[in-house]
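I opened the model to look up a few local features and wrote down what I found. The entries follow in the order I made them.

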Amino acid sequence: MHLDWTALGQVTAVSIGVTIAVVTVFALGVLGVARVEAAREENGTGSALGLTQAGLCFVACAAVVAYGIYLIVPQFH
C-alpha cells in the first residue's frame, strides 16, 4: 500500500486552517453578543453593531458547517 504523504499533509493543513478560521469567526460572534449585553447594561438598549456582528458571524459559521456536512454525506450530491 502506497500512501501519498503530500496529500495527507495538504488535507491536514486545510483542516487545521479552516478550524482556526471557524473558531475565530465564532469568537467574533460571541464578542458581538458581549457588546450587545454591555450596551444593555450601560444604557438599557442593545447595540445594533454588536447584534449585526454576531448575526453575520453565526450565519457564516453555520454555512461552513452545512457545507462540510454536504461534502461528507454522499446522499446530498
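I started with Glu37 and Arg40, which sit three residues apart in helix α1 and are therefore separated by about one helical turn. An α-helix has 3.6 residues a turn, so residues three or four places apart point the same way. The side chains of Glu37 and Arg40 meet in a salt bridge, at 3.4 Å from N to O. I took a salt bridge to be a side-chain nitrogen of Lys or Arg within 4 Å of a carboxyl oxygen of Asp or Glu. Searching the whole structure, I found one salt bridge.

A note on the source: this is a predicted model, in which local features need pLDDT of at least 70 and side-chain atom pairs count only at pLDDT 80 or more, while totals for chains, interfaces and linings use all residues. Residues are numbered from 1 along each chain as its sequence is written, and side-chain values use heavy atoms, with hydrogens and water left out.

I call a residue buried under 20% relative accessible area, exposed over 50%, and partly exposed in between (1.4 Å probe, protein chains only). Glu37 has a relative accessible area of 37%, so Glu37 is partly exposed. Arg40 is at 46% and also counts as partly exposed. Apart from residues up to four places away in sequence, Arg40 touches Thr45 and Gly46; contact here means heavy atoms within 4.5 Å.

**Helix α1**

I then looked at α1 as a whole. Helices are DSSP runs of H or I with at least four residues, numbered from the N terminus. Helix α1 has 39 residues, and its first and last C-alpha atoms are 57 Å apart, close to the expected 57 Å. The expected span is 1.5 Å times one less than the number of residues. I listed Gly29, Gly32, Val36 and Ala39 as the buried residues of α1, and they pack against α2. After α1 comes Gly44, with a positive phi near 85°.

**Helix α2**

How far apart are the end C-alpha atoms of α2? They are 36 Å apart, which agrees with the 36 Å that 25 residues (48-72) should span at 1.5 Å a residue. The buried residues of α2 are Gly50, Gln53, Ala54, Cys57 and Cys61. Their cover includes α1 (5-43).

**Gln53**

Is Gln53 buried or exposed? Its relative accessibility is 17%, so Gln53 counts as buried. The side chain of Gln53 reaches the backbone oxygen of Leu28 at 2.9 Å. For a polar contact I required a pair of N or O atoms within 3.5 Å; within protein, one must be able to donate a hydrogen and the other to accept it, and residues adjacent in sequence count only if both atoms are side-chain atoms. Leaving out neighbours within four places in sequence, I found Gln53 in contact with Leu28, Leu31, Gly32 and Arg35.

Val33 lies in α1 and is partly exposed, with a relative accessible area of 38%. Which residues does Val33 contact, leaving aside neighbours within four places in sequence? I noted Gly50, Ala54 and Phe58. Val33 and Gly50 are 17 residues apart in sequence, and their C-alpha atoms are 6.1 Å apart.

Leu51 is in α2 and is exposed, at 57% relative accessible area. Setting aside neighbours within four places in sequence, Leu51 is in contact with Gly32 and Val36.

**Nonpolar patch**

Val65, Tyr67, Ile69, Tyr70, Leu71, Ile72 and Phe76 make a nonpolar surface patch of about 730 Å². Patches are made of residues with over 30% relative accessible area and no salt bridge; nonpolar side chains (Val, Leu, Ile, Met, Phe, Trp, Tyr) are joined within 5 Å, and like charges within 9 Å. Accessible areas come from the Shrake-Rupley method with a 1.4 Å probe, and for residues only the protein chains shown count as cover. Val65 belongs to helix α2 and is partly exposed, with a relative accessible area of 48%.

How values were computed:
Helix = DSSP H or I, 4+ residues; strand = E, 2+ residues; numbered from the N terminus.
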